[in-house]
Every structure is written in C-alpha cells, then in structure tokens.
Amino acid sequence: MCLAVPMKLVELRDESLGVADLDGSRHEVDLSLIAEPRLGDYVIVHAGFAIEKLERREADERLAMFEELAGAIGDP
Amino acid sequence: MKYIDGFRNPAAAEALRRQIAGLGEALGREAAVMEVCGSHTMAIGRYGIRDLLPANVRLISGPGCPVCVTEAGYIDAAIALARRGVILATFGDMMAVPGSASSLSDCRGDGCRIEICYSPAAALKLALGKPGNEVVFLAIGFETTIAPVVSLVDGALRHKAKNLSLLTAFKRIPPALAALLADPEIRIDAFLCPAHVSAVIGAAAYEPFSGRGGVPCVIAGFEPLDILLGIRGVLDQLLRGAAEVDNQYSRVVRPKGNPKAREQIDRFLEPVDAAWRGIGTIPASGYSLREPYAVYDAAKKFAIPVESGTTNPACICGDVIKGKRSPADCALFAESCTPDHAIGPCMVSAEGTCAAYYKYSRVAS
Amino acid sequence: MKESTIRLAHGGGGGLSRQLIETEIIPRFGEGPLRQLPDAAVLPPTDGAMVFTTDSFVVQPLDFPGGNIGDLAVHGTVNDIAACGGVPLWLSMGLILEEGLSLETLRRALDAVKSAAEACGVVVVTGDTKVVGSGQCDGMYINTSGIGRRLNGYELSTDRIGEGDYVLVSGPIGDHGMAVLSVRKGIEIAGGPLSDSAPVHRLVQSAGAWAKAVHFMRDPTRGGLAAVLNEAVEGRALDIELTENDIPVSPGTRAVAEMLGLDPLHSASEGRIVAVCAAHAAVRVLSAWRELPEGRTATGIGLVRSGEGRVIMRTLTGGKRLVDVPRGELLPRIC
C-alpha cells in the first residue's frame, strides 16, 4: 500500500521543503517528517513526502551481498 | 537507479530461488505466508515471484490494501459531498472503487469536481488557490500515508485555510494483524511485514505477534530481491521453530521507526474503532481527528454520516483479503467482476488481490 | 493582427476570419493547393492504392516536454499511414479553437505543424478553422486526416501472424505518455522524459525490401505496447512471449513510472513502430531500421508461440506474468 522510491535530495528550499531526484526526474518533496535532512541524502519518497532516510551503508552492504550471490551463479 | 536496480538483479534472484528451494524441501510441510501489504501483492505479481517458489510455500494476500478495506459507504459519502458542490481531492487509487451505487469515476462523468493528487500537498495548494470553494481530501491509507496526509491539517492551520477538510478512513496495521491471528478460520504460519508502514511504526511494533504463540514476522522491502530475502528469512525461522521479528529492510526500517512521523500522527489523531470492508469492526484499528481539529473533519463539518453502505452479496472480497479464499474461488472473478466493471474493491484497487491476479496471472502459466 | 487572443468572430467567416487565415495560415501553409483557399484540394492520382486515415488531437497540456499539439497532430496521422505500409503525402488540418486562446499559443502550434510537415515531406493541402465559446473545448483541438500511397509488398493483417514470428520495436517505449503525465497539474515532475513524438514512415520505407515478411505493424499510442500486442493475438491460438530485460525504456520514463506507480508498457509512444515479422527477416528489418537515427536502438523484444491469445512476459527476476490490456486512464497511485 505504500509505493515509495529512494530519491536523492538535490536541493533544500527551507527546513521542510526540498527537491528530490531520481535519474534526472525531480519533484518537490516535503521534509517535515525527516530529522536533519542534508543535501545528498537518499530519502524514501511516498506521495511527495520523505518518510525516512535510506541508510546508504546498509544499502550498499546489501547490494554487495547480492553481487556476491549473483557471482556464484554466473549468467542464469 | 542503483538503489532500485541493484535489488532486481536477475542472477541474485536465481541464487535466492535455489536457496529457497532447498529450505522449502528441508521444511517438507506447507508454509502459509501472509504478505500483508498490497504493495507486496503487486510486486509479487509484477515479478512473477510465485513461479520462483516451491509448491509447499504458499503466499496469501492480506488486507493491506487501504482502498480494498474502505467501506462502500465512504465512497457514498464522498460522492454526496461532491454533489453538494465540494471539490474532492484524492489519490488516483480511489477513482474506480465501487460505492453502493457508483464510483468516483462515474460521479466525475456526472459533473462532480474531482482533482487527482499525487501528493496531499497538491490539495492544500488547491484549497489556497480557490478560497471560495470547499475542498475535501479523501484521507485513506495506512501509517505510511497517514503521516503525510495529516500534515494537511498542519498546513491548513499555518495558512489559516478554512476551506480544507479531511474525510478520514485511516487504518492501522498492527490491530489488523492481531485480528487475523486470532481468527480460527485463517491459517497463517508467518507474516511478511510491510516495508514502509514499518518505516513509520518501527520493527518493534511486531513484537506482540512473535514469541510464544506467535509467528515469524519478517519485514521485507518491495523489490523482488527484498521479497525473496524475506521469504528465505521466513523459511529459515520455520525450520528452526522460531517466531522472531526479523528486519530484512534495515536500510530503511529502524527498530523504533520514525519518531517525527509518529509525533505528527499523535498530535492530530486518536485511535478509534474502525470498520474494514469485508472484515468488520476491528477495535482501535483506525484514527480520527482529535477534538481541537474537528473543524478539519469533513464528516463533522458537513454533517455527512459515513455508513457501511451496501455491497454485492456474491462478492467475497472480505474473505480474499483475509486470505481465507483466493480470487479463483470467487464466482464473479473474471466473469461479471473485471477491472472494467469491478464489483468489489479487490478488483479495482491498483494493488487489490483480485486485480493483481487478473492482471498478472489470470491464466495458469 | 491586433488581437492577442482568439475571438468567436475569428471562426465566423467574416473579416476577422479572413484576417486570421491571411496572417496565420497562408504564410505557413500557402504554398501549393492552399494558396487560393479553394473549398477543396484537387490532388493528382497516386501510384497504386491510396491509404487514408484520420485522427483528432486533444492532448492536455498543449505544450509538453519534447513537443506540442502541433507536431503531435502531424506525426500521429503520418504514423497511422506508415503503420499500414503507406507513404504519407497530404494532410488536412481542422482546428477547433477556444474563445480566449492566446494567439501566441496558436502560433506555436501552427509553427510546429509546419516544421513537422516539412520534416516529414508532407503537405498540408486543406483545412478548416472553427471557434467555440469559452469553456467549450480545452484551448485547442486539432483533427488531421491524411492520404498516402501504399508501398508495394506490405500486406499487414493479424491473420498473418504465426508461430515463430519475432516482435520488434524501433526504440524505447512509453516516453510520450509519461512526458505528458509528468507535467499534469497536481503532479509536476521536472526533468522527466521528453515525448518521443516523431514520424516513423522512413523506418517503414527502409524495411521495404522485407515488406512481405512483415506481418503486422502498429504505432503503440494509447494503451501503449500492452494494448497493441494484446490486439495482435486476440482471439488467436497464439501467445506473445516478451522478455522484460529486452524491452528498451528510457531512464526518464522509468523514473516517472517508478515515482507514480505506473507501467511503461501501458504508456503511449508517439514516434515508435512495433512490428511482428517472420523469423528469417527479423535481423534484416532491425538492420534497416538501425541505419536511421530514429531506429538506432531498435531491438527484438519477444516471440510468438502457440497459445491462447495472451501476452506473457518473462520478468527480470525469472518469473512469468501476464501483460494485460490496460484498464481505464493512467492514474498516479500511492498504493
């Protein structure tokens, strides 16, 4: 029920409004539900609101794990 | 789109498929895994995840589709408001949901003014731009959506907008899980817990459903690899005889969730009993605007009663969302009930179980 | 012209009408049959069978990333002719203008029709202008009808589609639908995809040597690729099997689709061609298309197998799912 995509914060307009980017497509995003948003943060955007930050280290670790799994398989 | 594509890696999916096959075989017996959230239902359909699972692992769709569990009477009330000249602002998901007699789409055809919003912020903009009109936002959703929507009240206060109000039908996930576990007619061996509701309420919110007498609760993201990881986590627990809360979406979900979002919710809303279409009333499973904000409650402002409404007696959406029966069991499925002419909300909602089934797997592969 | 907006009198047939035609239509389209403003264009006979089509354009907003209603009105009709194996020659242009439409907007649209027509090598030979009251149409509607001549060799029919045929697409799909949606009021996504509004008739001509082997062609407009492919096998004992990984989608279209919860397969393209052709000719048709800039990324996306009239896709992660006909409007969702 909660379509949300990870987008990068590319602009901070004021303490509760910013612009988030996904591969060049940009939309205004409400930041009032996030603590201390920073430029360059990845946020999970649902209905035009950032509902959480993406923990990049964890995300990158997970991606690395998938790469490893994939490597063990080769081309399926 | 590294943080999207990386979670759709085909080779990793194959690796996980093999691991799950092994675990499924080791388990032997059937595992009924309820994926609560409509977004999981859609993703499972979209990627054909069922094809990748062993025969003894059964995915059951749960009631996590806020559109599906919204009563027909809510749509009737919205239409009644529109007929009085109110401008309705709504998410696109609500447009084709059947009320007792018609849908919002039908009503728009009759001249009612309905604005489709990607974000609730658009509704505030609309109200501020049309001070002579009343704007009512159709405030449905689970915890992920509730926090953004209730910011509308914040915005209305700050801008002193007197012409904006909310027709609320918010629902809470944990009470629904409790009700499902307590239903003797439903067999649930594990929950695949929602990704973004969990981001708001926190992993700890599922503790009551784990432990002795409970079931494994695995929180999983919506990308296909997330879902496969989630299923792997469930099978692993079932093999160990465990019933733990396992957060497999830790890149977004924190143990205590998002405190700011929860503060926002608590500030404006209080828990109330709520009626879930097809299920009935679940105690404390909804939210209503607190008394100081009653002026933003459209039902009170316009004295519009929100009743249950009437539904087609042959419609088994209630059983489908409880996971008791599948769309294929419904006499109306794909015959008189299709996405073009939906009888129940499960068929018309973007992530309704019947819609996902119809769209992705209607004919056995 | 003194006025800066369109008035009812501009469609009335009197002085103001005449003025509109003289200042806006003749300078742009006055070469050729339109010069003397006859009631009808007299055209030479075509070499071979004629192809005739009509289409009306009611896009909102009138200007969108990558194009406007004017070039869409040319490309849409040119492409319908092309998809039937025709070479487009002549267009009619019927304008329905809303009272209050800004002249600047009209000029932008007419300039776009002119450039698109020139680039396509077609001539606007006749037309009509009407004005309706404020609120009676959305700014501007355009109808274009087109005549072309049939190319030798193309015999296109869903009946000719058979087991073993290949499904080809001339470029990334769904750009137009997402481009227009992204700028809709209430959505307002910036930096999204550009519409793919473009002519495809040169692609069709380029594959002329292999025409006999092409069984079916369409430009995937409303309803997108999903609608076209379902139509191709409806009622036949055939399935189309697509491979998700092979379907080209531009990054901008993917991003908007992800943000709004939509399927690019349901989104319109206005400058692409989908073809179903005999296996032996697939590589040749693709090579011919790839020689042209508009076909540079043409690729195969699936196969025709025996089946039950379905379109099935092998997903990125190895499962299979049905690609159904899209239902209703493309609406952004949060669920």
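Of the 365 residues in chain B, 61% are buried, in a model that is predicted. Chain B has a secondary structure of 15 helices and eleven strands, and its radius of gyration is 21 Å, close to the 21 Å given by the globule rule for 365 residues, so chain B is as compact as a globular protein of that length.

**Chain B as a whole**

- Taken along the principal axes, the box filled by the C-alpha atoms of chain B is roughly 65 × 45 × 40 Å.
- Among the contacts in chain B with a separation of 6 or more, 77% are accounted for by residues 24 or more positions apart.

**Where chain A meets chain B**

- The contact draws 34 residues from chain A and 43 residues from chain B.
- On the side of chain A that touches chain B, the elements giving two or more residues are β1 (5-14), β4 (42-46), β5 (49-53) and α1 (56-73) of chain A, and the largest share, nine residues, comes from α1(A).
- By class, the residues on this side of chain A divide into 24 nonpolar, three polar and seven charged.

**A helix pair in chain C**

- Helix α2 (residues 69-83) of chain C packs against helix α3 (residues 103-120) of chain C at an angle of about 35°, their axes lying 6 Å apart, and the crossing of α2(C) and α3(C) is right-handed.
- Residues making this contact include Ile69(C), Ala73(C), Val74(C) and Val78(C) of α2(C), together with Leu110(C), Val113(C), Ala117(C) and Cys120(C) of α3(C).
- The contact of α2(C) with α3(C) has eleven nonpolar, two polar and two charged residues, with Asp71(C) of α2(C) and Asp111(C) of α3(C) among the residues that make the contact.

Terms used: Residues are numbered from 1 along each chain as its sequence is written. Chains are lettered from A and ligands numbered from 1 in the order in which they are written. This is a predicted model: local features need pLDDT of at least 70, side-chain atom pairs count only at pLDDT 80 or more; totals for chains, interfaces and linings use all residues. Helices (H or I, at least four residues) and strands (E, at least two) are DSSP runs, numbered from the N terminus. The radius of gyration is taken over C-alpha atoms; the globule rule is 2.2 Å times the number of residues to the power 0.38. A residue is buried if 20 or more other C-beta atoms lie within 10 Å of its own, exposed if 12 or fewer, and partly exposed in between; C-beta atoms are placed from the backbone. Two residues are in contact if their C-beta atoms, placed from the backbone, lie within 7 Å. Ala, Val, Leu, Ile, Met, Phe, Trp, Tyr, Cys and Pro count as nonpolar, Asp, Glu, Lys and Arg as charged, and the others, Gly among them, as polar. Axes are lines fitted to C-alpha atoms, for helices over the stretch in contact, and angles run from 0 to 180 degrees between N-to-C directions. A crossing is left-handed if the near helix is turned anticlockwise from the far one by less than a right angle, and right-handed if clockwise.
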